[in-house]
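This report describes how the parts of the model shown below meet one another, and where its coordinates call for caution.

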Amino acid sequence: MNEINSFKKGIKAGLPICVGYFPVSFAFGIFSVENGLSVLQAVLISLTNLTSAGQLAAVPIMVGGGTVVELILAQLVINSRYSLMSVSLSQKLGKSVKLLDRFLIAFGNTDEIFAVASSNKEYVGRKYMYGLILTPVTGWVSGTLAGAVAGNILPDIVTSALGLAIYGMFVAIVVPVIKEEKWTALCVALSVVLSCIFYYAPVLKEIPTGFTVIICSVLASALFALVKPITIEEIKKEVTDNG
Amino acid sequence: MDNTKFFIYLIAMAGVTYLVRMVPLVLVNKPIKNKFILSFLYYVPYTVLSVMTIPACFYATNSYISAVVGFLVAVVAALFKRSLVQVAVFSCVAVFVTEVFLNYV
């Protein structure tokens, strides 16, 4: 497999994420200021964390005078899924990625950046990853700033519509693959059924979303890895067959 | 909010979030050979994204009808192999149009 390592390509691939991030971080900016944080504080949180759910959970703990332990536990629960993504991404990084790059790339391994990096057929190189991280970070931070400063300038109906942008991207990554590959489709179907059970079933729905994401994806992926193991050779072959 | 207190929170929060991402990425630095783990990691991106999308996306807009319409439009656009931006834009427009229709028609 080849490696894509163009900064420009990374920037371009990060553009839809940047667009999708803007309204989400805009909402976070509004939320932070409404809760009593300053504009600068809201922006600093976004710049250093890059995690929507984690940040939203943190603000009430901060302003409510919660303990640092409470804050750390909340972040662990909500963000533990990133560990899984980092293990997966570790196998996707090309030869140009050195140890120092890994320390830097880890900072930008968000759901969406991970999703786009994984959707490449090739290995991803350092320059590509830096580009892919830079555009979304810009969108995330500037969205927070705009939301914190300008508050409700966007009409509600526009914010509502933009709320689906990120999910649209996820659909665009998953659907073409499951259309071609029966086993991946079955695996995804199982994970979605589990996800719905954990979302609606009594008791199970009390489990924090951060854990649910891990439980459902690990169960489905592990089961299918046993039932239908896939080798690198097979993946390569499919790539050649499909295009 | 008081800055000293804020920075203690900020460092704790950013530190945990970074470690969760960094430790596996730095420690797993060799190609994995185990067939089970490889297959597992092959499936992971698709299951993680799907689990995060369904059913959460149906509650991401003002009305779940508009969200369902937006989701279906995204699926159709993705079946026709449109780019990420196009799929995202189509689904947002679908939500917007549906909500205009629901609110004003």
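Between domain 1 of chain A and domain 2 of chain A an area of about 650 Å² is buried, and carbon and sulfur atoms give 80% of it. On the domain 1 side of this boundary, α4 (68-79) and α5 (81-90) of chain A each supply at least two of the residues that touch domain 2, and by class that side divides into four nonpolar residues, one polar residue and two charged residues. The structure is a predicted model, and the domains concerned are domain 1 (3-176) and domain 2 (181-243) of chain A. Their centres, taken over C-alpha atoms, are separated by 23 Å. In terms of contacts, seven residues of domain 1 of chain A meet nine residues of domain 2 of chain A.

The boundary between the chains can be described in the corresponding terms. The size of an interface is often given as the accessible area lost when the parts come together. Chain B and chain A bury about 7,500 Å² between them, with 75% of it on carbon and sulfur atoms. Within chain B, the residues that lose the most area to chain A are B:R21, B:L25 and B:Y43, which together account for 11% of what that side buries. The two interfaces are set out in the table.

| Interface | Residues in contact | Buried area | Share on carbon and sulfur atoms |
|---|---|---|---|
| Chain B and chain A | 71 residues of chain B, 101 residues of chain A | about 7,500 Å² | 75% |
| Domain 1 and domain 2 of chain A | seven residues of domain 1, nine residues of domain 2 | about 650 Å² | 80% |

Across the interface of chain B and chain A, the rule finds 32 residue pairs in polar contact, both residues being at pLDDT 80 or more. The elements of chain B that give two or more residues to the side touching chain A are α1 (3-27), α2 (35-53), α3 (64-79) and α4 (84-104), and the largest share, 19 residues, comes from α1(B). By class, this side of chain B has 52 nonpolar, 12 polar and seven charged residues.

Side chains of opposite charge can pair when their charged atoms come close. Between chain B and chain A the count is one salt bridge, in which the side chains of A:E180 and B:K81 meet at 3.4 Å, N to O. A search of the whole structure finds three salt bridges over all chains. Among them is the pair A:R81 and A:D111, whose side chains meet at 2.8 Å, N to O. Because A:R81 lies in helix α5 of chain A and A:D111 in helix α7 (residues 111-118) of chain A, this pair ties together parts that are 30 residues apart in sequence.

Two points of backbone geometry deserve mention. In chain B, a cis peptide bond with omega of about 5 degrees joins B:I54 and B:P55, and B:P55 is found in the loop between α2 and α3 of that chain. In chain A, A:L50 has a positive phi of about 50 degrees although it is not a glycine, and its place is in the loop between α2 (39-49) and α3 (52-63) of chain A.

Chain B averages a pLDDT of 93, and 100% of its residues score at least 70; within chain B, confidence is lowest in α2(B), at a mean of 90, and highest in α3(B), at 97. Chain A averages a pLDDT of 89, and 94% of its residues score at least 70. Over residues 239-243 of chain A the pLDDT is below 50, and this stretch has two contacts in the model beyond near neighbours in sequence. Where pLDDT is low, the predicted coordinates should not be read in detail.

Terms used: Residues numbered from 1 in each chain as written. Chains lettered and ligands numbered in written order. Heavy atoms only, no water. Contact = heavy atoms within 4.5 Å. Buried area = accessible area lost by both parts, 1.4 Å probe. Salt bridge = Lys/Arg side-chain N within 4 Å of Asp/Glu carboxyl O. Polar contact = N/O pair within 3.5 Å; in protein donor to acceptor, adjacent residues only side chain to side chain. Helix = DSSP H or I, 4+ residues; strand = E, 2+ residues; numbered from the N terminus. Nonpolar A, V, L, I, M, F, W, Y, C, P; charged D, E, K, R; others polar. Domains from an automatic or database assignment. pLDDT = per-residue confidence, 0-100.
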